There are 4 protein chains.
Amino acid sequence: MAETSLHFRLDPTRAEPLYAQIQMQIKYLLASGGLRTDDELPSVRAMAETYLINPNTVVRAYAELEREGLVYKKRGTGTFVSQAAADMAAAEKQRIVARRLQEAIHEGRALGLTDTQLRQVFSSQLHEPDSGGD
Amino acid sequence: MAETSLHFRLDPTRAEPLYAQIQMQIKYLLASGGLRTDDELPSVRAMAETYLINPNTVVRAYAELEREGLVYKKRGTGTFVSQAAADMAAAEKQRIVARRLQEAIHEGRALGLTDTQLRQVFSSQLHEPDSGGD
Amino acid sequence: MAETSLHFRLDPTRAEPLYAQIQMQIKYLLASGGLRTDDELPSVRAMAETYLINPNTVVRAYAELEREGLVYKKRGTGTFVSQAAADMAAAEKQRIVARRLQEAIHEGRALGLTDTQLRQVFSSQLHEPDSGGD
Amino acid sequence: MAETSLHFRLDPTRAEPLYAQIQMQIKYLLASGGLRTDDELPSVRAMAETYLINPNTVVRAYAELEREGLVYKKRGTGTFVSQAAADMAAAEKQRIVARRLQEAIHEGRALGLTDTQLRQVFSSQLHEPDSGGD
DNA sequence: GTGGTCTAGACCACG
DNA sequence: GTGGTCTAGACCACC
């Protein structure tokens, strides 16, 4: 129950490379439980056809994930989620959010906000019901 | 009284383009009050000589800032901080950051993090020296 | 079916910068239907070689068009006409021109020209081959 | 009755050079009757001080006008409107408007409008009461 | 002095 | 192959 219906949002226009978009979204799925140990990832070919992208792009994304130990490949079979991925899930979750927060903090500082102001804004956002966004 | 001693940290080895580094650091100065309306920016040539970069790189940074309405140029005279730059200041800054933080919080919750965890991650990021790669 | 035979008239002696000439002529093609949504523009290198200009000059023209939202780029792939370009078409075009004409009419009246005189001048301009200097 | 209260709108930010802005606005005054034969133009120094611009800029504007025969200089006295200026006034009026119309037509064509459409837009604008402006 | 444009050619990442 | 960035240095108009 997993590789049946994964869907990604890939935008070749964005500054972030396509392979990195794939990589990041798979990490997201790993962290959120959308992909579990030994689940099979979509084949390179399937992925490329579905999203009309170059197979090499998918290969690179998978290669990077393999390098990180999050997936493993069985020749002639496919690409699968590794055990390490599950172990990393918990920490990865925080890493993902940490990165986002880091970006927001960075931008805030670039705009001249003090740490105190940043804390205040963060707290207020944490309690806000929802504001709606782009 | 302002353009006397602007100093920037430009690192050509970073993934962020030089022109973007200049652009961002000038924005920082605008937001923090280090540069005020009608202050003159360093001339393209002066900037290039000081930081040992190509004048065209500075030209590009200034052009982007002009496109954003933060500076204006007087031909044969120089480049100056626009009124709009000052206007950008106040509440707008917090609004921008609030939105970013809201997104990060949203994502964190989607990944199952509790508010307490979010606070912890936020605090740790606030104190990190710097981390991100690209 | 479109980017097969685009040809431009670039004159480096004119006061208008080369990049602006390219930009304007592509706009013309967009408005006239010579280029349609998702059509691919000539590559930077191809354009530069065909017209014996520097690739950077083409880069700048394309960058300005992208900034205006008329084209988008896929890294490693090429530059394409955006959807927005098509949307720009219809009524918007007339609105832009109407405003310009209104200004000219206003000025003419301020100078004491009668409507009849304005009509005459307009007609003569409509038939002029080209006149303006800078 | 003329050089008493001439006022100009000079914008060093615009693409059009300052000297050309002065030159054009004086031509406008000549065409509209705001300046008549033997009226004295503001002195270079006065002009420069009033508008906080470089005296050389005014010198150049006056020089161009002199080259066109529209003004003449009396050493130690000042710059005055020539007889030719009056003669040229009538034709100049149309030239000014013609140029504006030409620009609008040019832009219209760049946007893909046919001559017929341009005529229609022109006529509609001629009859409009007023629309509002920039 | 200032910025604006352009050339020639380099190196890089991406697909 | 594609575009993105950067350098080195030219020439120009403007102030």
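What is the volume of the largest cavity? It comes to about 30 Å³, with a cavity taken as a set of points on a 1 Å grid over the protein atoms alone where a 1.4 Å probe fits but cannot get out. This is a predicted model, where local features need pLDDT of at least 70, side-chain atom pairs count only at pLDDT 80 or more, and totals for chains, interfaces and linings use all residues. Residues are numbered from 1 along each chain as its sequence is written, chains are lettered from A in the order in which they are written, and side-chain values use heavy atoms, leaving out hydrogens and water.

**The cavity**
- Lining residues (an atom within 4 Å of a point) are D:K27, D:L30, D:A31, D:L70, D:A85, D:M88, D:A89 and D:E92.
- By class, that makes six nonpolar, no polar and two charged residues.

**Where chain C meets chain D**
- The contact (heavy atoms within 4.5 Å) takes 37 residues from chain C and 38 residues from chain D.
- About 3,700 Å² is buried between the two chains, 61% of it from carbon and sulfur atoms; this is accessible area (1.4 Å probe) lost on putting the parts together, summed over both.
- C:L111, C:F122 and C:L126 supply 18% of the area that chain C buries against chain D, more than any other three residues.

**Charged links**
- Four salt bridges (a Lys or Arg side-chain nitrogen within 4 Å of an Asp or Glu carboxyl oxygen) cross this interface.
- One salt bridge joins the side chains of C:R100 and D:E107, at 2.7 Å from N to O.

Methods: On a 1 Å grid over the protein atoms alone, a cavity is a set of points where a 1.4 Å probe fits but cannot get out, and a pocket is an open set with protein on both sides within 12 Å along at least five of seven lines; lining residues have an atom within 4 Å of a point. Grid points are joined across faces, edges and corners, and a volume is the space filled by probe spheres set on the points. Ala, Val, Leu, Ile, Met, Phe, Trp, Tyr, Cys and Pro count as nonpolar, Asp, Glu, Lys and Arg as charged, and the others, Gly among them, as polar.
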